[in-house]
Amino acid sequence: MLAPRLSIDPFDEAFLADPYAQHQALREAGPVVWLEPIQAYGMARFSEVQAGLRDYGTFCSGRGVGLSDFAAETPWRPPSLLLEADPPLHDRTRGLMNRIVSWQALKAIRPVWQERAEALADRLVEQRRFDAVAELGETYPMLVFPDTIGVPVEGREKLLAYAAAVFNAFGPRNAIFDRGNEQAGDAAEWVAKACKRENLSEGGWGMAVYEAADRGECSADEAERLVRSFLTAGVDTTVNGIGHMMLAFASFPGEWQKLRERPHLVKRAFEESLRWDSTVQTFFRTTTMAVEVGGVTIPAGSKVLLFLAAANRDPRKWEDPDRFAIDRPLGGHVGFGFGIHQCLGQMVARLEAELVLAALLKRVKSIRLAGEPKRRLNNTLHAIASLPVEVEPA
Ligand code: PQS
């Protein structure tokens, strides 16, 4: 059977501005669709997305997780040794990184991260009105994450523009990609320098990668590129994760009341906000062989776009999926992906969100939108440029 052919372009500006409006059409068309404008397959139902992520042998990452096929085109930057790698290479580098982003490492940073969350919450609640993206979503990760990696202070604000450009590069070479590159300016050079051993501080996670190289776990060149992974994936993702968590509470005020009564739901609230609005909207895989999905044969060497965010609102999986409900039964969303590539930084993201949310919860009686949220279009991330909120102190 052939896949239904759709004229939906998941990277045009209307789609990116409101992807949720079009996810239903993608899911309803079938388990696999052919997306004419990008000449690639797509899967938007939970069960097929999860199965595709599980089957890394058929749906590989080594040919890139963007639209560009590394077997046919030169990658936009040297491929990530994690994200854009398959086993066995992937498992070696991922094992090394897992030992750095460990439970013990997180336990060690928690007190300092908590102190910074409390201080920031004090200030914002005193202000009453603030931009939950510029003054919280961006400020908090920038207060904690770059120090933990150990990058220079001078110029570190470039991390945001760099990440935005990389995430754009997973899509087509559209106007959003060009704009992102322009705005990044010399950010890629700054990041390349920051990844070098001599520019990383002692005791940081960046230096820890080089220490793994000293023990023979990887080469020095690989270490440099693995530090780049921290710097690429670690900021813009949590910026928008925290941003959407705040948007969720501002949009569903009853959930804040619920959380005030049941503060043990803090961690679940963040998971639910990721399900409700997944920062990472999509990723591609490439088929290594012909594969049948729901009666449709996808030929070998095809790009397949996995709609993580659509899967996270698939009514086949979730009851009342458009509702943000912090006490919904745990369901195993795919906002952090699934399988061998599942987010390396998920514990970091969870810790940041938990500390921010807990700090606000102690101080805030209610949250409301104080203006129109503004979106920032990105080919991979669902991103917010500005989110004016007003809080009522407890
Ligand atoms: C890298 C790893 C992960 C890397 C979008 C992108 C990523 C989540 C959402 C990402 C980007 C880069 N993660 O290893 O360089």
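**Close-up 1. Aspartate 320 in the loop between helix 16 and helix 17.** In this predicted model, aspartate 320 belongs to the loop that runs between helix 16 (308-311) and helix 17 (346-363). Its phi is positive, at about 45°, even though the residue is not a glycine. For context, most residues other than glycine have a negative phi.

**Close-up 2. Glycine 337, another residue of the loop between helix 16 and helix 17.** Glycine 337 is found in the loop between these two helices. Is glycine 337 buried or exposed? Glycine 337 is buried, because its relative accessible area is 12% and the cut-off for buried is under 20%. If you want a distance to check, take glycine 337 and alanine 108: their C-alpha atoms are separated by 26 Å, and the two residues are 229 residues apart along the chain.

**Close-up 3. Alanine 248 in helix 13.** Helix 13 covers residues 236-251, and alanine 248 is part of it. With a relative accessible area of 0%, alanine 248 counts as buried.

Close-up 4. Where does the ligand sit? Look in the largest cavity, since that's where the ligand is placed. The residues around it are Arg77, Ser80, Leu83, Phe167, Ser229, Thr232, Ala233, Thr237, Val280 and Phe283. Sorted by class, this shell has 5 nonpolar, 4 polar and 1 charged residues. Which helix gives the most to the shell? That's helix 12 (residues 220-233), with 3 residues.

**Close-up 5. Polar side chains at the ligand's oxygen atoms.** Zooming in on the side chains, arginine 77 has an N or O atom 2.7 Å from an oxygen atom of the ligand. Serine 80 puts a polar side-chain atom 2.5 Å from a ligand oxygen atom. For serine 229, an N or O atom of the side chain is likewise 2.5 Å from an oxygen atom of the ligand. On its own the ligand has 360 Å² of accessible area, and the protein covers 89% of that.

**Close-up 6. The cis peptide bond between proline 87 and proline 88.** Here's a bond to check if you're setting up torsions: proline 87 and proline 88 are joined by a cis peptide bond, with omega at about 5°. By way of background, most peptide bonds are trans. Proline 88 lies in the loop that connects strand 4 (59-60) and helix 4 (89-100).

**Close-up 7. Arginine 128 between helix 5 and strand 5.** Arginine 128 is found in the loop between helix 5 (103-127) and strand 5 (129-131). Arginine 128 isn't a glycine, yet its phi is positive, at about 75°. How does arginine 128 count by relative accessibility, which is 40%? Arginine 128 counts as partly exposed, because 40% falls between the 20% and 50% cut-offs.

**Close-up 8. Asparagine 379 and its partner asparagine 174.** The loop between strand 11 (374-376) and strand 12 (383-386) holds asparagine 379. This residue counts as buried, at 2% relative accessibility. Which side chain does the side chain of asparagine 379 make a polar contact with? The partner is the side chain of asparagine 174, at 3.0 Å.

Methods
Residues numbered from 1 in each chain as written. Predicted model: local features only at pLDDT ≥ 70, side-chain atom pairs only at ≥ 80, totals over all residues. Heavy atoms only, no water. Near = heavy atom within 4 Å. Polar contact = N/O pair within 3.5 Å; in protein donor to acceptor, adjacent residues only side chain to side chain. Areas by Shrake-Rupley, 256 points an atom, 1.4 Å probe, with all protein chains shown as cover. 1 Å grid on protein atoms, 1.4 Å probe; cavity = no way out; pocket = protein on both sides within 12 Å on 5 of 7 lines; lining within 4 Å. Sits in = over half its atoms within 2 Å of the grid points. Helix = DSSP H or I, 4+ residues; strand = E, 2+ residues; numbered from the N terminus. Nonpolar A, V, L, I, M, F, W, Y, C, P; charged D, E, K, R; others polar. Buried < 20%, exposed > 50% of the residue type's maximum accessible area, 1.4 Å probe, protein only.
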